[in-house]
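User: Please take a close look at one part of this chain and describe how it is placed and what surrounds it.

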Amino acid sequence: MLDAVSRPRMVDADPWSIPLEQIDVSQADLYEHDLHWPYFERLRKEDPVHYCADSDFGAYWSVTKFNDIAQVDRQHKIFSSEPTVTISEPQEEIPFQSFIQMDPPKHDAQRAAVQPVVAPANLSKLEPIIRQRAGAILDALPEGETFDWVDTVSIELTTQMLATLFDFPFQERRKLTYWSDIATGGPELAGSNLVTEEERTAGLMECMQAFTDLWHERVNGTPGNDLISMLAHSERTRDMINEPMEFLGNLILLIVGGNDTTRNSITGGVLALNQFPAEYDKLRANPDLIPNMVSEIIRWQTPVSSMSRRVKEDTELRGRKIRKGDKVVMWYVSGNRDDEVIEDPMAFRIDRDHARHHLSFGFGLHRCMGNRLAEMQLRIVWEEITKRFHTVEVTGAPIRNRSNMIRGYRELPVRLRRL
Amino acid sequence: MTKVTFVESDGTRHEVEARNGRPLMHAAVQNGVPGIDADCGGQCMCATCHVILDDDWYGRVGPPNSEEEEMLAPTPERTPTSRLSCQITVSDDLEGIVVQLPEFQM
């Protein structure tokens with residue numbers, strides 16, 4: 001499957017002269033090297049619903065325009081989330097399942113059971129502890145020396161948050177980060193090179209065991225306000241433990257959902273403000289822009305670059321005939337740069353009008369469940385950063401993820417200037 | 001134009017003029033009423049323009065269709081008289097309508 005010898009590599013090709021039919025935006029190293037932009041710009045202009053007949057992941061359609069993506073997302077009866085929402089085929093080694101890869105009615109019941117934990121009313125209770133933990137992390141940062149923002153701040157903060165949500169043993173919280181990384185990594189899944197399939201399998205089994213133990217501990221105790229207790233005590237999900245792959249799948253979904261995305265948006269915000277220093281000036285002059293900036297960061301970063309659907313019945317999109325059984329990839333990362341919907345879309349503008357109108361959370365039935373948690377975490381982080389530091393200065397190039405699904409960073413060197 | 005009132009969860013009232021033929025959501029956004037996010041821009045693809053009607057107005061405006069119901073269903077503050085304001089078209093029939101905003105949009 002990974003024998004790609006005969007296929008042109010996009011990182012080496014000229015995006016403006018390569019024949020359209022050869023364009024393959026699924027190649028993960030495109031994102032690692034941040035070279036996907038011109039390919040999508042060309043597709044949006046010349047072939048917005050694009051067919052790639054041959055790739056590491058087989059044949060697939062790319063949907064690249066904002067409104068087309070929204071339409072695919074909303075038409076869940078035609079564009080199904082079953083059996084998977086990745087460009088790769090379902091994993092056979094560990095075939096875990098979660099509501100992100102289910103259609104109604106099963107999707108609705110499972111989502112409804114876990115949604116309350118990330119409901120805004122519940123989040124307000126979490127705000128003080130998130131703020132306190134964010135402050136403690138920022139206060140401990142070194143001054144005047146270069147360090148890695150990803151590991152020291154973005155990962156640490158989101159991992160602490162996740163441990164709080166699960167009431168997971170706090171000292172072992174980095175296991176959550178590892179499980180999240182391997183769940184979305186692996187060469188078969190998104191073209192990633194983080195771990196081997198064997199490491200991935202072993203790690204996911206360890207994850208399942210740890211959470212099975214926690215479940216049994218909580219199911220017999222007084223129901224707490226954490227996600228495991230909620231799953232164990234909710235009428236809709238309490239039998240989930242008897243379906244190990246469903247149990248694992250929903251946990252992985254919540255771990256990945258609460259981890260990668262926010263982590264990479266925290267890092268992305270630092271990078272964006274450094275690439276657009278006039279925006280950093282605006283922020284210093286007016287921290288009240290933070291809530292609007294948070295939405296702009298989430299658009300600009302697009303931490304989930306794509307989601308895929310399987311076509312249930314023959315249909316048409318922009319005049320292209322799409323057949324039952326085809327695979328359709330919604331490239332949120334492209335739609336969020338569509339100048340027919342977003343003015344000057346490559347620019348990062350913290351005071352952008354209608355900043356909330358972006359694709360990063362998806363639309364329709366599967367719209368991101370944790371969107372308010374993500375926004376709250378980003379808002380708090382930036383409120384606490386602006387209280388302490390004049391600048392978080394980027395001192396070198398980021399190392400980016402090699403993935404066609406999780407758009408993010410493995411390292412970002414920074415240096416701090418205090419107020 | 002039709003007179004409509006949005007009431008925030010803390011009781012703050014916003015009486016605004018709404019254009020007939022346009023979604024009720026627009027009247028809130030155009031007049032800067034806080035508490036209507038309208039992330040998807042009015043296409044019934046999110047649930048961030050959620051409003052709550054009283055029984056009388058709900059009876060007159062009617063229930064959500066199946067697509068709207070799908071978006072409303074997972075909303076934590078959903079009530080039996082909840083609607084998405086992007087799916088309510090302003091007309092003379094709505095003169096004087098008062099809608100309550102939930103504490104949070106999701």
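A:Leu138 counts as partly exposed because it has 19 C-beta neighbours inside 10 Å; a residue is buried with 20 or more other C-beta atoms within 10 Å of its own, exposed with 12 or fewer, and partly exposed in between, the C-beta atoms being placed from the backbone. This is a predicted model, in which local features need pLDDT of at least 70, side-chain atom pairs count only at pLDDT 80 or more, and totals for chains, interfaces and linings use all residues. Residues are numbered from 1 along each chain as its sequence is written, while chains are lettered from A and ligands numbered from 1 in the order in which they are written.

A:Leu138 lies in helix H5 (residues 120-139) of chain A; helices (H or I, at least four residues) and strands (E, at least two) are DSSP runs, numbered from the N terminus. Beyond its neighbours within four places in sequence, A:Leu138 is in contact with A:Glu384, A:Ile385 and A:Arg388, contact meaning C-beta atoms, placed from the backbone, within 7 Å. A:Ile385 is 247 residues away along the chain, yet the two C-alpha atoms are separated by 7.3 Å.

Next comes the sheet. In chain A, 3 strands form an open antiparallel sheet in the order S4-S12-S9, where pairing requires at least two DSSP bridges between two strands. Strand S4 (147-148) and strand S9 (389-394) of chain A are its edges, each pairing on one side only. S9(A) pairs with strand S12 (residues 413-418) of chain A over 5 bridges, in the antiparallel sense. A:Glu393 has A:Arg415 of S12(A) as its bridge partner.

Note on methods:
Contact = placed C-beta atoms within 7 Å.
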